[in-house]
Structure formats: structure tokens, C-alpha cells
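I opened my notebook to work through this structure one piece at a time. Here is what I looked up, in order.

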Amino acid sequence: SLPPPPLGEVMPIIYALVARGSCVLAEHTTTSGNFTTITRRILDKIPPQDSKMSYVYDRHIFHYVVEDGLTFLCMADEEFGRRIPFAFLEDVKNRWKATYADRGKNALAYGMNEDFSRVLQKQMDYYSTNPNADRINKVRGEIDEVKSVMVHNIEKVLERGEKIELLVDKTENLNQQAFKFKKQSTQLKRAMCMKNAKVTCILFLVVAAIIFFIVVMACGGFDFHKC
């Protein structure tokens, strides 16, 4: 299969959640839109048996993994491919199990959101922006496994009239990326200023030391008896 396009050219992983049936336990999004409403409809249609699936919804895809009664789901741009989203879901699933074990089977809605939403945010950022995320996935040999995952159009699970237009605020996402770039640029500028200031101080000290020794030599030593 063709490799995914460069990460900077498409929308990354936009939204992710962990749920028990239709009960959302934790979620995070990088932008705004009505996809949370659409996700609730999709959760109602996902069978409880262990499975992996991708649902195409307009120009976005909802990917999910169901295991031990829990659903790990994310939404990404269609052009983002499937390798990285499923690697992200596998990572999230393992982190969830390591943190909560079976507690998710009895937890209340959003019972883990305060802590685990930060984990979702961190991993979404990593898999959306770090090229190593896909390289690691290739090394693990998970590409062929993803190829076997079924891809359906959303109309296969939603009843007639249930589908609504998917709205994603790309402007907000781009603004966040611009803010991140601006923040990094400011940090780099500050670091360069600090470096320049250190160099200036060192040069000043070196010049002062040279002048001092010239004066000492001209004055016949450190007692300055010739001056």
C-alpha cells in the first residue's frame, strides 16, 4: 500500500475516546465541531464483541478497537491513512489497561476523564506530529494486520436520516498549530538571545583581561611601581 502523506499536509488525529458501550469514560479533542454528537450515534451501533473497524464519514474516518467490553476510538482525516490511527489506539489501549486494569467495567461516565484525557492529548500529539510513530509501527510488523481491518461507509450502520453533516473546525486546529509554532519560535529566539549575551560577556571579559595584563606589564608588574 502507498505510504501516508507527510503529516503536515493533512489533519492529524482530531478526536479520541475510551467508552464502555455508549458510556464515555474519557475523551479529548484538538478542535471543535459536532463530531462528539456523531460519535455517540456510532457508539450505539458498535457491537460489544472484540473487533476492529473503520467507518468512513465524509472525508474523515472513525477507527475503533473493541476489547474486553471497552471501545477505544479515534477520528482522523481520511488522507491520514490507517496505520498510525490503529497504532495510536493500540498504544492507548495498553496504557489504559496498565493504569486502570478492569476498573473501566464499572466506572461512571467520565470517571477517568480528568487523568486519562491528558494521556489521550499527549499520545494524539505524538502520533499526529512525530514521524517515528509510523516507523515504529512498521518495525513491529503491524501493517499487514491493519490491512485486514474492515472499512465500511457509515451508511452501513446508521439508519436512513440518522446521518448528519460532519463539521470540523479546521481553523481552530490550524490556529493551535500556528500558536505552537509561534511558541517554539519565541523559545528559539530567547535561547539565541541568551547565547549571544553569554558570548558578549565572555568577549568583554577576555578584552578586559588583555587590557589589564598590558597595563600591568607597562607599569612594571602587579605593584605598578613604574606608574
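**Salt bridges**

I began with charged side chains and found Lys52, Glu67, Asp68, Glu90, Lys93 and Lys97 linked in a network of salt bridges. I keep in mind that this is a predicted model.

I then checked single pairs. Glutamate 90 and lysine 52 meet through their side chains at 4.0 Å, N to O. Glutamate 90 sits in helix α2 and lysine 52 in strand β3, so this pair links distant parts of the chain, 38 residues apart. Is lysine 52 buried or partly exposed? I got a relative accessibility of 29%, so lysine 52 counts as partly exposed.

Next I looked at aspartate 68, which forms a salt bridge with lysine 97, with the closest N and O atoms 3.4 Å apart. Aspartate 68 is in the loop between β4 and β5 and lysine 97 is in helix α2, so the pair ties together parts 29 residues apart in sequence. Aspartate 68 is partly exposed at 42%, and lysine 97 is partly exposed at 30%.

I also noted arginine 59 with glutamate 79, whose closest N and O atoms are 2.9 Å apart. Both ends are in loops: arginine 59 between β3 and β4, glutamate 79 between β5 and α2.

**Strand β1**

Which strands pair with β1? I found β5, antiparallel over six bridges, and β2, also antiparallel over six bridges. Alanine 19 has threonine 71 in β5 as its bridge partner, while leucine 17 stands opposite glutamate 27 in β2. β1 and β2 form a hairpin with two residues between them, and glycine 21 in the turn has a positive phi of about 65°. Seven of the eight residues of β1 are buried, so β1 is largely enclosed by the rest of the structure.

**Cores**

I looked for the largest nonpolar core and got 27 residues, where Ile13, Phe88, Trp96, Phe116 and Leu120 touch the most other members. β1, β2, β5, α2 and α3 each give two or more residues to this core. α2 gives the most, with eight residues. Leaving aside neighbours within four places in sequence, I listed the contacts of tryptophan 96, among them Val18, Leu25, Phe72, Met112 and Phe116. Apart from this core lies another one of 18 residues, including Tyr15, Leu17, Met53 and Phe62.

**Surface patch**

Ile202, Val206, Ile210 and Ile214 make a nonpolar surface patch of about 370 Å². Valine 206 lies in helix α6 and is partly exposed at 41%.

How values were computed: Residues numbered from 1 in each chain as written. Predicted model: local features only at pLDDT ≥ 70, side-chain atom pairs only at ≥ 80, totals over all residues. Heavy atoms only, no water. Patch = residues over 30% accessible without salt bridge, like charges linked within 9 Å, V, L, I, M, F, W, Y side chains within 5 Å. Areas by Shrake-Rupley, 256 points an atom, 1.4 Å probe, with all protein chains shown as cover. Helix = DSSP H or I, 4+ residues; strand = E, 2+ residues; numbered from the N terminus. Buried < 20%, exposed > 50% of the residue type's maximum accessible area, 1.4 Å probe, protein only. Core = buried A, V, L, I, M, F, W, Y, C linked by side-chain atoms within 4.5 Å. Contact = heavy atoms within 4.5 Å. Pairing = 2+ DSSP bridges.
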